Amino acid sequence: MTQTTKQGLSRRSLIKGTASVAALGVLGAPRIARADEGPIKIGFPVPITGPFGAEAKDQVKSAELAVKQFNAAGGLNGRLAELLVRDDKLNPGEAATRTLELIEKDKAHFIVGALSSAVQLSVNEVTRARGVIYISISQSDTINEAKDFSRFTFHEALNPQMTAGAVARHAFKKGQKVAYLAADYAYGHEMLAAFKRTAAPIGVETVGEVLHPFGAPDYSAFMPRLMSMKADILCICNFGRDQANSIKQAVDFGLKGPSKIVVPVLLHNQRLASSPDVFEGVVGGANYYWGIEDHNASAKTFNDAFRAAYNGAIPTDYGTYGYTAVRSLLMAVKEAGGTDTDKVITALEGLKYDVAKGPQSYRKCDHQSVQSVFVIESKKKSEMKTDADLFKVLATEAGDPATLRSCEQLGHKPS
Amino acid sequence: MDLQLISLQLFSGIALGAILIMLALGLSIIFGILGVVNFAHGSFFMVGAYAGVFFLGYTGNFWWALLLAPLVVGVLGLGVERLLIRPLYGRPVDDPILLTFGLSYVLVEGVRILFGTDGVPFDTPAALRGVTNIGIGYFPTYRLFVIGVVAVVLVALWLVLEKTKVGLIVRAGARDPQIMRVLGVDIQKLWLVVFGIGIGLAALGGVLAAPMRTVNPEMGNFVLSEAFVVTVIGGMGSLLGSVVAGLLVGIVVNMTSLVAPEMATIAMFAFMALVLLVRPHGLFGKPGFGT
Amino acid sequence: MEMAASKPMTKIATAPAAAPRRERLGRWRVPLSIAVLCVLPWLLPSKALAVNVLIYGLYAMGYNLLFGYTGLLSFGHAALFGTGAYVTGIAIGQFGTNWFLGMLAGVIAAGLMAAAMGALSTRTRGIYFAMVTLALAQLVYYVALQASSWTGGENGLRGFTVSKVGIGPLSVDFLNPIVKYYVVLAFVALAIWTLSRILNSPFGGVVEAIRENETRAKACGYDVVRTRLLAFVLSGLFCGLAGTLSALHLAIVPLDSLGYMMSGQAVMMTMLGGVGTFFGPFIGALAFLVMEDVLSLWTAHWQLFLGAIFVALVLYMPKGIWGTGLVWFERWRGR
């Protein structure tokens, strides 16, 4: 596989070379594709424009910090790393085009990025066909499954099974009644399924589930039905804007008093875009929260480096994925002693890293990063000490492959 | 499924329709009188919500925000008509579409630069928080307030159009601008004012929607397609049509949500396709209009 | 509260502003355009972008066949592009056909979709036609979203990467960007030639006659409804071909390829280049994609500039880039 790819690449550079000479009458010898010397190039497609622009900018900041630290430490025997940031506009087609450009024109050695289920799967499709390592930093269960997986595919982000599982284990109690409101698309279904998988052995009763169209601005149509279910827990399985809108409207309809609102992922920036009163008491999962620094030495180191680099700003959840992914990749490059794809894959598979939130490692069969999950609760306005003091950490669930779906469940052959 | 649930569902459909009516009215009045299909209408709705955020922060009072935001955005609308739309009169109908489409990009990005990409919070005014018992169940007080405001605006608009001299000129201007010009009416001023009012209505819809939804730069996108659906079902240019269709769409969406929630959005488009196949000019539209 | 009768804008909608400029380049237009397209990859920032220009150029040209030459403003052409793309992807990925049969299936499916949409929509006019086509396209979008076992739903369709294309023993490496460009160009060139033939045929004349004066065309004995429907189907075949090529190029079909933004893009690209001109839509697609590519590398606020450029174009170059160029060219020749 890699063998043929390399042949393809050298032939491609040859054609490109002769062609550019023919077309422009040009300057200099043809460059060699994805050189083994020169800077280590990491392509970084993220949705800088669009609704997740703030998250994407945090991802870029974190990733740039990781690159800066690597270079400051001397790089790979003097060979420095370079981050090529591209705007994927939250559009899978655009992301595929950008990834093609990064690989074909910019000769990126690795791709890290994406912030949507659909976008990461499209980037993955491009990279795996060309034998380029891709580390996804956005949630998805699908990318772990055998059908979309390839040995070039790594998943640094948590997946719905991990976040929803941790939240359910913490928030659901035996005998409680749970009502679900889930977005009607892959990610919503994945979160819903993960909650229900975890809820079954706990012994909670599902009193109903309502699917809502993805991206709906108004949820009043679903509220009368949810109210009639009289649940102890209202579990809202959606993301971003949908989450902020649906929680707000559930509160307006007086659902928060009688039921506790639980979500799989609670986002720092979304909470800021809404008011503390609306989110007060909402429980959710997170891959990172800066406030863990009191008990977590690596978080303290990471926060301090981030604050020093960006005028005292603190890193956010999705932003941190950019840091942990790029750091782990560069550690593997160092381990492999170069950018050779096979060697870096082997290094990543064997890597144990603890750079921001405690120990992490990529599971062999699906390359999922096994890591801790934090269960957090949104604070009351009066309890917030600063503007960034948003959440209480209720529980920390250490990384454990047992909480993931097994390799066999995902369709991977036992090795 | 009990009766109480169904009636509550029906009622929340009316509340949903109220916001749609605000948008569809402006869209329809601008099309009916200027012949302009305004693709920036959703963006003005969003700008209205942000103007509300700004004035709420500035005055600390929701009522001032509710009053000032539509006025200021309406004035912005006047400027847009004067500078960008007026040069296009006499050109093909496609030109204003392209222009307002471009304008919506500018407005959305401008708001992103000024207020950030993530959106900003907008709290429900303290006096209107909580739920009220409306006999068939509990309903958010604020949504009841929105229905009230929209009803007042509709009555006021009707009175102005039917009972005042200005209203007479507007109705006549819509019927035949040439004759009006001959009669010495400043038709350009009329178009200017109508565009401003249409934009002001969109902005009012934006401020009203702000406490129900989160305020963000993309909030106008989805709402625009909903407003188009409403205007087209009602018949382009018909104000009565906008009102009836707004309520109908709200109810259709909500009743579908009860039986098959995931079909809620598609139901709206299916309903429009159905109406147009039976009545190619919408419920209250005149043949030969908007073609 | 009824607002009726005439309005300043719509009244002139049938005026000659939308009429095609007689293109003096005449019979040289096809070989000339193909010659330009042959060197395009070296004029653009990247090969992947160049392939996109071919695909979207074809999409806009197909769209222009309906909008520019019959005057029907459709907001639902994403359904045709998307059908082409999805059916190709499904044929290759789930039925294991080869790349060519996959493309054929995609184009035929898009033609059928166009026939169905056209049959339902061509009886309405103007803004209502736009809205019916939009509604039908949205229905297709939601069907694709719900039928996720076939389409991959919101995650998009994947798993049909074509790495080699060829006939019999002859095959080329489709992952190589330059090879890919010329393979796609072969199909696009064929389509441009066909389109040129269609517009020069008697059918092209009838279509223009109907747009210029429907009543007169009817009086002359032309079947207006059937001509419109045929134009819709032909337009669908070209847009469907663009869709199948996009599926092969990106090796994914995103759900957005059926979305209303995709339909809007056809309108914008066509208008940007020049409605009713032969090359206009292609130039429009080129300008749109290059602007987006260059601006978004340069600033995160690229949409501000893109929007402002649109506004300025409408105000100062209403005939579009190519249309205005043609006017200047003719003025220069007439001198």
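Two residues are taken to be in contact if their C-beta atoms, placed from the backbone, lie within 7 Å. In chain B, 75% of the contacts between residues at least 6 apart in sequence join residues at least 24 apart. The model is predicted, so that local features need pLDDT of at least 70 and side-chain atom pairs count only at pLDDT 80 or more, while totals for chains, interfaces and linings use all residues. Residues are numbered from 1 along each chain as its sequence is written, with chains lettered from A and ligands numbered from 1 in the order in which they are written.

Chain B comprises 11 helices and 2 strands (DSSP runs of H or I, at least four residues, and of E, at least two, numbered from the N terminus). Along the sequence these elements follow the pattern α-α-α-α-β-β-α-α-α-α-α-α-α. An unreviewed UniProt entry lists transmembrane regions in chain B, among them residues 6-26 and 62-85; positions are in the numbering used here, feature names are shortened, and annotations may be inferred rather than shown by experiment. Residues 6-26 of chain B are 100% helix, with end C-alpha atoms 31 Å apart. Residues 62-85 of chain B are likewise 100% helix, and their end C-alpha atoms are 32 Å apart.

The C-alpha atoms of chain B fill a box of roughly 60 × 50 × 35 Å along the principal axes.

Between the chains, 45 residues of chain C are in contact with 55 residues of chain B. On the chain C side, helices H5 (126-146), H11 (260-273) and H13 (302-316) each give two or more residues, and H5(C) gives the most, with 10 residues.
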